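Please read them alongside the sequence and the coordinates.

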Amino acid sequence: MKISVIGCGYLGAVHAVAMVELGHHVVGIDVDAAKIAQLTEGRPPFFEPGLPEILSSALATGRLRFSTDIAEVAGSRVHFVAVGTPQRDGSNAADMTYVDSAIDALLPHLAPGDIVVGKSTVPVGSATRLAGVLEASGTGAVLAWNPEFLREGFAVLDTMSPDRLVYGVASGDDTAVVALNEVYATAIAAGTPVVVTDYATAELVKVAANAFLATKISFINAMAEIAEVTGADVTQLADAIGYDSRIGRRFLNAGVGFGGGCLPKDIRAFTARAEELGRGESVAFLKEVDQINLRRRQRVVDLTVDALGSVVNEKKVAVLGLAFKPHSDDVRDSPALDVAVKLRGLGANVIATDPQAIENSRARHPQISYSADIAETLRDADAVVLVTEWPEFAGIDPVWAAGLVRNRTIIDGRNKLDAAAWRAAGWTYLGLGRP
Ligand SMILES: NC(=O)c1ccc[n+]([C@@H]2O[C@H](COP(=O)([O-])OP(=O)(O)OC[C@H]3O[C@@H](n4cnc5c(N)ncnc54)[C@H](O)[C@@H]3O)[C@@H](O)[C@H]2O)c1
Ligand SMILES: O=c1ccn([C@@H]2O[C@H](COP(=O)(O)OP(=O)(O)O[C@H]3O[C@H](CO)[C@@H](O)[C@H](O)[C@H]3O)[C@@H](O)[C@H]2O)c(=O)[nH]1
């Protein structure tokens, strides 16, 4: 099938390439000429494990091309819209301007029978409004909403083998269902469940899933706050409640909290949309989820300041991690980068390292010092803070690290280190929600 993908960021680039792997012909469109040039040369504009390999093999098939010219979508039957929906400036709501302009740009190039498929995460009600725009255009194209659930760091795997597929379609619209079943034929044949529903349910499935995940993380972080005043150990608590299969152990890792380009902005946009709908109270708890999450960042900062004896100025703090999670270079709303920025703001001499996220961090926060070298980062540090649990950091030998720093204090913002081993090497080890 001939497919277009509008928006080639973290979601769209992976989606475009994966669709070629599934046997389709794909054109990827983006307004960012530099991104399109890199993709055309086979260089992903961001770090995603496995993407360089499948991008090269997809380009080699001759069935993948990238362009800034939206007219090149002509001839495609299915048009995926994967542009950003970031938090709007000065508000919690989602910024829909990129989706709106992508749809407007598509209109002149659509033909009867074309399917426009939204993948971006949008406020509930958007698809109905956009279906109206398509209908009024007289192009004969129809709209479906097919939210995406991929995780960064596992984006290729999640796109090729999703847990489920959700299609939001207009009542009685079989054409979109048939077309999407053809697009995802390989995954469906492998047993991926398909939920065919209305627009509103599809839109809500996406934000409800992220709201649930964010709530689960803030729940365990709330328990960490209680553990901190009672001497309990939140990691053992998580293990013990996680054995209950109704609860499950996944997403119960207490620490510096969630970040990224999805969970934080999606729970805020959901709250804003519910308020617009007059149902703010139904999801008011998500504001608490957000607050608990942000308090954890401050907790790491406070622990570090205490460890420095409250005199932060000119003290050297080594920050291990900048990306919002391992296996990603994404620093959007990253708790790790936020902690580094806050400590720098208090006057500390912050030096931070990350296997992939230094460039993105430097572009946003040049006031911080960066090093690609772990030893250089640790050398003469007055305190060490681990905020992204890259395997490179979890594997640091505490005896080796002890020989580099000025003061052996480590704040483990992800509860990933072996506390006993670090203490045995002479370190003051401070976890979150752990005695
Ligand atoms: N990143 C993820 O893991 C993920 C997963 C599921 C859903 N989502 C959702 O997918 C959407 C995209 O997220 P992302 O992380 O890929 O964002 P992103 O910022 O990485 O990518 C968006 C891309 O769209 C391009 N763009 C903007 N306007 C355009 C236009 N009019 N025409 C063509 N291209 C345009 C931008 O230049 C950019 O490259 C968001 O709604 C997000 O919530 C993201
Ligand atoms: O127990 C946990 C699990 C995760 N996190 C943090 O939560 C954030 C989000 O992690 P994750 O959900 O793995 O990353 P994303 O790539 O942002 O994926 C989420 O957001 C995407 C965009 O909407 C969805 O598609 C995915 O299904 C959803 O998991 C990261 O900062 C993690 O460090 C924790 O603090 N504790």
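In which loop is T121 found? T121 lies in the loop between β5 (115–118) and α5 (126–137).

1. Basis of the note. This is a predicted model, in which local features need pLDDT of at least 70 and side-chain atom pairs count only at pLDDT 80 or more, while totals for chains, interfaces and linings use all residues. Residues are numbered from 1 along each chain as its sequence is written, and chains are lettered from A and ligands numbered from 1 in the order in which they are written. Helices (H or I, at least four residues) and strands (E, at least two) are DSSP runs, numbered from the N terminus.

2. The UniProt record, an unreviewed entry, lists D30, K35, T85, T121, E152, K265 and R332 under "binding site". These positions are spread over 303 residues of sequence and are also spread in space, up to 23.6 Å between C-alpha atoms. UniProt positions are in the numbering used here, with feature names shortened, and annotations may be inferred rather than shown by experiment.

3. A residue is buried if 20 or more other C-beta atoms lie within 10 Å of its own, exposed if 12 or fewer, and partly exposed in between, with C-beta atoms placed from the backbone. T121 is buried, having 25 other C-beta atoms within 10 Å. Contact means that the C-beta atoms of two residues, placed from the backbone, lie within 7 Å. Leaving out residues up to four places away in sequence, T121 touches T85, P147, K206, V207 and D266. K35 sits in helix α2 (residues 33–40) and counts as buried, with 21 C-beta neighbours inside 10 Å. With residues up to four places away in sequence again not counted, K35 touches C8, D30 and P45.

4. Helix α3. In α3 (residues 51–61) the buried residues are L51, I54, L55 and A58. They are on the same side of α3 because they cover an arc of only 105° around the axis; the arc is that of the directions from the helix axis to the C-beta atoms. The exposed residues E53 and A60 are on the face turned away from that buried side. The cover over the buried residues of α3 includes α1 (12–21), β3 (64–67) and α6 (155–160). Just after α3, G62 has a positive phi of about 80°.

5. Packing of α9 and α12. The axes of α9 (residues 199–230) and α12 (residues 285–307) come within 9 Å and cross at roughly 50°. Axes are lines fitted to C-alpha atoms, for helices over the stretch in contact, and angles run from 0 to 180 degrees between N-to-C directions. The two helices α9 and α12 are therefore oblique to each other (under 35 degrees is roughly parallel, over 145 roughly antiparallel, 65 to 115 roughly perpendicular and the rest oblique). The crossing of α9 past α12 is left-handed, meaning that the near helix is turned anticlockwise from the far one by less than a right angle. On the α9 side, A211, A214, T215, S218, N221 and A222 meet L286, V289, I292, N293 and R296 of α12.

6. Backbone points to check. H327 is not a glycine, yet has a positive phi of about 65°. The loop between β9 (316–320) and α13 (335–345) holds H327. D333, also in the loop between β9 and α13, has a positive phi near 45° and is a residue other than glycine. H327 is partly exposed, with 19 other C-beta atoms within 10 Å.
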